[in-house]
Structures are given as structure tokens and as C-alpha cells.
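The following questions and answers concern a predicted model. Please consult the sequence and the structure shown here.

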Amino acid sequence: EDREGQMDVALGLYQNAAAIEPNNPTVLNDLALCLARKGDFAEAHRALSHVVQLEPRKPLYRNNMAKVLIEMNRLD
């Protein structure tokens, strides 16, 4: 759904998956990316913060966090 541009449907699916697997970094990362594409950077940041705590050494998650922070104009 995400790739088809059905963002509301995709977001609901990601949220359901995150409710079932709240500590799954892949699920939370995908949820965060969907939130960011919808422009909800604060929620994307929250989800990615949790992802980075779960997998602090994975560059993909840190890079996604950096992209969201840039969109939030948080260059610090």
C-alpha cells in the first residue's frame, strides 16, 4: 500500500504491525518512514528514536533519523 501511494491504508497496517511487534526495528523503521512521507515528522522522530535505541549500530536507522531531523530543521 505504501508503494502504491495509499498512505492512510499503509499507515494503518504499519501501526497494526507495530502494536503486535512494538520492539521490531524493521516494523518501526517502516512506520517512521511512512509517517515522514505523510509529513508527520514528530511521530516519525519518536518511532526512529525507539528504533535507534533498539539497534544503535545499524547505519540505515541512524541515516533515516538524520533525514527526519533535517526535515524538522534540527541541524544540531
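Q: Is Leu75 buried or exposed?

A: Leu75 is found in the segment after α4. Its relative accessible area is 66%. Since the cut-off for exposure is over 50%, Leu75 counts as exposed.

Q: How far apart in space are Leu75 and Gln53, C-alpha to C-alpha?

A: In sequence, Leu75 and Gln53 are 22 residues apart. Their separation in space, C-alpha to C-alpha, is 20 Å.

Q: Is Asn64 buried or exposed?

A: Asn64 lies in helix α4, which covers residues 59–71. Leaving aside residues up to four places away in sequence, Asn64 touches Asn29, Leu33 and Leu48. Its relative accessibility is 5%, and because buried means under 20%, Asn64 counts as buried.

Q: How are helices α1 and α2 oriented to each other, roughly parallel or roughly antiparallel?

A: The axes of α1 (residues 7–20) and α2 (residues 25–37) come within 9 Å and cross at roughly 150°. An angle over 145 degrees is the criterion here, so α1 and α2 are roughly antiparallel.

Q: Is the crossing of α1 and α2 left-handed or right-handed, and how many nonpolar residues does the contact have?

A: The crossing of α1 and α2 is left-handed. On the α1 side the contact is made by Met7, Ala10, Leu11, Tyr14, Gln15, Ala17 and Ala18, and on the α2 side by Val27, Leu28, Asp30, Leu31, Cys34, Leu35 and Arg37. By class, one residue of this contact is polar and two are charged, while the number of nonpolar residues is 11.

Q: Against which helices do the buried residues of α2 pack?

A: The buried residues of α2 are Pro25, Val27, Leu28, Asn29, Leu31, Ala32, Cys34, Leu35 and Ala36. In an α-helix there are 3.6 residues a turn, so residues three or four places apart point the same way. The helices against which the buried residues of α2 pack are α1, α3 (41–54) and α4.

Q: What distance does α2 reach from its first C-alpha to its last?

A: Helix α2 has 13 residues. At 1.5 Å a residue, the expected value is 18 Å. The model is close to this, with α2 reaching 18 Å.

Conventions:
Residues numbered from 1 in each chain as written. Predicted model: local features only at pLDDT ≥ 70, side-chain atom pairs only at ≥ 80, totals over all residues. Heavy atoms only, no water. Helix = DSSP H or I, 4+ residues; strand = E, 2+ residues; numbered from the N terminus. Buried < 20%, exposed > 50% of the residue type's maximum accessible area, 1.4 Å probe, protein only. Contact = heavy atoms within 4.5 Å. Axes fitted to C-alpha atoms, helices over the stretch in contact; angles between N-to-C directions. Parallel < 35°, antiparallel > 145°, perpendicular 65-115°, else oblique. Left-handed = near helix turned anticlockwise from the far one by under 90°. Nonpolar A, V, L, I, M, F, W, Y, C, P; charged D, E, K, R; others polar. Expected span 1.5 Å × (residues − 1).
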